[in-house]
Amino acid sequence: MASVTTPVAEVADTKPQLRFWDIWNMSFGFLGIQFGFALQNANVSRIFETLGAKVDDIPILWVAAPLTGLIIQPIIGYFSDRTWTRLGRRRPYFLAGAIIASLSLLVMPNSPSLWFAAGMLWLLDASINVTMEPFRAFVGDNLPSRQRTSGFAMQSFFIGTGAIVASSLPYIFTNWFDISNQAAEGIVPNSVKWSFYLGGFVFLLAVIWTVVRSREYSPEQLKSFSRNNLEDSVVEVHGVSKSGQDKMIRQGLIFSIVGLVLTAWLMTQDLNKELYIFSIGILIVGILFVGAGLVAKGGNDHSAYVTIMSDLQQMPPTMKQLAVVQFFSWFALFAMWIYMTSAVTSHLYGTSDTTSKLYNDGADWVGLCMGVYNGIAALVAFIIPVVASKTSRKFTHMICLAAGGLALLSIYFMTDARYLMLSMVGIGIAWASILSVPYAMLAGSLPSEKMGYFMGLFNFFIVIPQIVAAALLGFLIKSFFQGESIYALLIGGFSMIIAGLLSLRVDDVDDGK
């Protein structure tokens, strides 16, 4: 491959605006990424149920995947900030992740057992994270503030476009190409298998397009930009002070003690095993903070491990405010992704028999609906920058999240599955904003030399709500709602509305209107 050229030939003091097709090319890989995510979100719970999982066991099977993302994204961000090869800074990670994710998509629907499928979900989610994380930093690297909302919106467009096709594939294969959506007990239907095969092919090709057709600024150019941009004045890059080291150890000990006490208490109670995720998670966080503090005291205070733990304490104010918004937004999304199929098939189709035609027709309809909300998101993605320029990014985000929350609440009151399409409009509006506006607000508060790293840390506030959803929702649905998964969608609706209200509190220091 020819050596990399950069978007401009000379070192300039201000990032120039890129052309529409430049932004198109640098975002095109998200088409493939979303093929992977959409197939995962719309079909993995279905695969788990087919392989014998019970409804209240499904959340725990999803836990390994977000935990992996929690670890991988800041590490990938940290090292991509420090990478420069013939392929550039971020693109080597795009390509490596895409190859592994595509292979995982080929294997996933052929899983011989439930636990093998859970392992493949872990590998698939991890490799998608490797590909996706540098894409977020890519926009921050290459675009000036006034174009960032448009850049992330372009990613939303490709996410929506990829998802509407990928989510609909089982329905399309069954109803257009007469490929069966039924199979013997314990076997994934052929319509799902062929959807995953096609998804793996598209994933790899789309990412290769971005790798070949996009360019990156050199480290020297980024340094020149950083001297004049607001984004690099917010967070200083330095080691960990002695007081910071002591603070990490002190906080770590507190977390460790709380985690140990809570775990010991749970062992004396007859409660769901998912709740151990909370207590053990708190314990692990405590151990990591103590370890980072001790490593820093040993003189290695610039290591990746210490940096990651230290910057959790020193996030920019905008990032902290967005973290809370992200938590409630993504908690709602995971409630929908985990429970939508079982909620719709039981609440509107009246069946939980995964071998029945009625169940599989309902599951196919859910996949089609998932495609529709992503299609709405693809269209709304071009409207969001316009609305944000006339009002503000945080007000725009609030309106979009409120629409999504009301849409999730509406499903409980339905008596006919056809009306789901109306709810998908509101969910699509929220989805378009979730994928673009928080990242546009965040990018302006981050230093360019740590853009990938902080974008990776920001993933914590996507993964943590997923872990909470996996730990709590199964317990709540089983204990308080008689196993009726439709109530998970109600909880998700209220959560998204709360996120919308909290977005008004965000200090958008670099609103590129």
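**Exercise 1.** How are α2 and α6 oriented to each other, roughly parallel or roughly antiparallel?

*Solution.* The model is predicted, so local features need pLDDT of at least 70 and side-chain atom pairs pLDDT 80 or more, while totals for chains, interfaces and linings use all residues. Residues are numbered from 1 along each chain as its sequence is written, and side-chain values use heavy atoms, without hydrogens and water.

Step 1. Take α2 (29–50) and α6 (114–142) as helices (DSSP runs of H or I, at least four residues, numbered from the N terminus).

Step 2. Their axes lie 10 Å apart at an angle of about 155°; axes are lines fitted to C-alpha atoms over the stretch in contact, and angles run from 0 to 180 degrees between N-to-C directions.

Step 3. Angles over 145 degrees count as roughly antiparallel and those under 35 as roughly parallel, with 65 to 115 roughly perpendicular and the rest oblique. The pair α2 and α6 is therefore roughly antiparallel.

**Exercise 2.** Identify residues of α2 and α6 that make the contact, and classify the contact residues.

*Solution.* Step 1. Contact means heavy atoms within 4.5 Å. On the α2 side, the contact includes Phe30, Ile33, Phe37 and Val44; on the α6 side, Leu121, Ile128, Met132 and Arg136 are among the residues.

Step 1. The contact residues comprise 14 nonpolar, 4 polar and 2 charged (Ala, Val, Leu, Ile, Met, Phe, Trp, Tyr, Cys and Pro count as nonpolar; Asp, Glu, Lys and Arg as charged; the others, Gly among them, as polar).

**Exercise 3.** What lines the largest cavity?

*Solution.* Step 1. The whole structure holds 4 cavities of 30 Å³ or more (a cavity is a set of points on a 1 Å grid over the protein atoms alone where a 1.4 Å probe fits but cannot get out; lining residues have an atom within 4 Å of a point).

Step 1. The largest cavity has about 270 Å³ of space, a volume being that filled by probe spheres set on the points.

Step 2. Its lining has 22 residues, with Phe37, Met132, Trp330, Phe334 and Ile462 nearest the centre. By class, 14 are nonpolar, 6 polar and 2 charged. α2 contributes the most, 5 residues.

**Exercise 4.** Which element gives the largest share of the lining of the second largest cavity?

*Solution.* Step 1. The volume of the second largest cavity is about 60 Å³. Its lining includes Gln73, Met132, Glu133, Arg136 and Ile462.

Step 1. The largest share, 3 residues, comes from α6.

Conventions
1 Å grid on protein atoms, 1.4 Å probe; cavity = no way out; pocket = protein on both sides within 12 Å on 5 of 7 lines; lining within 4 Å. Helix = DSSP H or I, 4+ residues; strand = E, 2+ residues; numbered from the N terminus.
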